[in-house]
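Please find below a note on the model under review.

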Amino acid sequence: MDFQIECLQAHNEYRKKHGVPPLKLNREMCRISQEWANHLIRKNMLQHSNNREYGENLFCVQSSNPNFTISGKEAVDNWYEEIKCHKFGVEPSSLASGHFSQVVWKESQELGVAFAKTGGKIVVVANYSPAGNIIGQFAENVLPPGDFQTNNNNIELFNDISKLSISATRSIHRVDQNVTEGNFEEDFLDAHNIYRKRHDPNFTVNGHTPVDTWYEEVKQHPFGKEPSNLKSGHFSQVVWKSSECLGVGVAKNSQGSIYVVANYSPAGNFVGHYIDNVPPVKPAFYGDLAKKKETPRHVVEDNDCCGDFSQFALDALRVHNEYRKKHGVPELILSQKLCKFAQEWADTCARTASLQHRANCPYGENIFSVYSSDFSHTPTARDAIKEWYDEVKQHTYGVEKVNQNTLHFTQVVWKNSRELGVGVAKNKKGQTYVVANYDPRGNYIGQFVDNVTRPRP
């Protein structure tokens with residue numbers, strides 16, 4: 001318990017500076033912390049658990065020295081250092097100081113902490129009850145320490161941290177036709193007038209305008225993990241799964257500014273609940289691609305299949321044929337029948353979280369899998385096919401020896417293969433699976449010399 005006691009003491013030293021009650025050590029919470037620390041060290045990753053009951057801080061440090069160790073105080077010191085990013089007396093605009101604010105959160109009363117170690121790597125997990133970092137409650141729960149002085153609600157830090165300032169300089173240049181494109185002057189005027197129209201007293205908005213603006217923050221949201229800031233807070237509230245009711249109001253002032261307020265119940269944006277309530281965007285290859293008016297080149301229209309090809313499959317076809325051209329073999333064509341076949345197996349792999357070949361498959365088959373902690377990340381078709389093709393480095397041309405380490409590559413460039421089908425699927429664990437099927441199949445013993453030709457100079 002030495003480590004836990006050191007952590008507890010360090011927490012309470014800092015909490016005393018902020019004038020909030022000390023924490024007490026809870027053995028059950030320590031056990032829960034230990035289980036998650038063991039899981040993280042075993043999986044070689046660092047991410048928050050889905051435990052909704054407690055607040056949670058994580059810390060990881062690594063050294064090339066396998067005997068490396070840390071004290072309980074070092075982890076807490078690291079979390080507390082975020083005080084430099086915290087603005088007291090207001091709701092934070094980001095979670096850059098989230099570890100610090102949980103350490104000194106006034107309403108938290110109990111602490112559970114543990115660490116796990118393998119070699120020189122150490123992971124520390126701390127749980128807090130009641131949980132802190134509740135949006136709307138920062139001002140009353142994160143109090144300034146004695147090193148701060150408040151005056152008329154303005155808080156200043158008396159130490160060596162200097163304030164940042166932004167300065168702007170203006171310069172006027174004549175338009176240089178060598179560095180511009182199009183009709184620069186007209187485009188410049190149009191851009192001004194587009195924005196000036198927004199400030200017209202008669203300017204109006206429709207219901208899509210504010211919602212589209214909020215949703216644009218999707219570009220900044222880290223799916224599959226708790227956000228480190230609130231830059232995507234409007235977006236996440238729009239799609240918050242648990243919210244059921246909506247209220248909206250619109251008002252306009254005498255200057256022509258329009259204000260839109262939306263309220264949601266139950267409220268969203270609760271720290272610790274983002275993973276369950278903000279699912280990733282449904283990728284286009286799940287079937288939401290716009291219909292194409294014409295059948296693309298290199299496509300087989302199968303009578304027993306229907307529907308258009310995903311962009312992923314079209315990209316995969318193009319990359320395959322780029323590599324096949326290097327080896328002087330005929331291009332593949334995309335088959336709807338094979339794409340349907342490949343998609344079924346990709347879905348199975350994603351559902352079972354298992355990368356394995358289909359049993360008794362009548363076609364040639366290449367499979368690929370990748371994991372990302374950013375659940376919104378989707379690999380490109382080139383990512384998968386390049387990994388298969390890179391096995392070329394281990395291939396020996398001109399011999400009938402089957403090299404198990406190059407069979408993905410040889411199937412990609414197999415001369416007698418004519419048709420291609422591609423499927424891709426992702427699961428909730430952040431794993432993406434790609435399956436490619438080929439007809440006729442390749443990799444026949446005794447046919448490698450004829451079908452796997454050297455790349456052209």
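What does the accessible surface of the protein chain come to, and what percentage of it belongs to carbon and sulfur atoms?

1. The accessible surface of the protein chain comes to about 27,200 Å², and 50% of this belongs to carbon and sulfur atoms. Accessible areas come from the Shrake-Rupley method with a 1.4 Å probe; for residues, only the protein chains shown count as cover.

2. This is a predicted model, in which local features need pLDDT of at least 70 and side-chain atom pairs count only at pLDDT 80 or more, while totals for chains, interfaces and linings use all residues. Residues are numbered from 1 along each chain as its sequence is written, and side-chain values use heavy atoms, with hydrogens and water left out.

3. The protein chain has 14 helices and 13 strands (DSSP runs numbered from the N terminus: helices are H or I with at least four residues, strands are E with at least two). Of its 457 residues, 40% are buried (under 20% relative accessible area, with a 1.4 Å probe and protein chains only). Among contacts (heavy atoms within 4.5 Å) between residues at least 6 apart in sequence, 70% join residues at least 24 apart.

4. An open sheet of 4 strands has the order E1-E3-E4-E2, with mixed pairing (two strands pair if DSSP finds at least two bridges between them). Its edge strands are E1 and E2 (55-62), each of which pairs on one side only.

5. Within this sheet, E1 (residues 24-25) pairs with E3 (residues 110-118) in the parallel sense over 2 bridges; lysine 24 has glutamate 110 as its bridge partner in E3. E3 and E4 (residues 121-129) pair in the antiparallel sense over 9 bridges, and glycine 112 has asparagine 127 as its bridge partner in E4. E3 and E4 form a hairpin with 2 residues between them, and glycine 119 in the turn has a positive phi of about 60°.

6. In helix H12 (residues 381-389), the buried residues are Ala381, Ala384, Ile385, Trp388 and Tyr389. Seen down the axis of H12, its buried residues fall within an arc of 130°, so they line one face of the helix; the arc is that of the directions from the helix axis to the C-beta atoms. Their cover includes helix H10 (311-326), strand E11 (364-371), helix H13 (407-412) and strand E13 (431-439).

Key: Buried means under 20% relative accessible area, exposed over 50%, partly exposed in between (1.4 Å probe, protein chains only).
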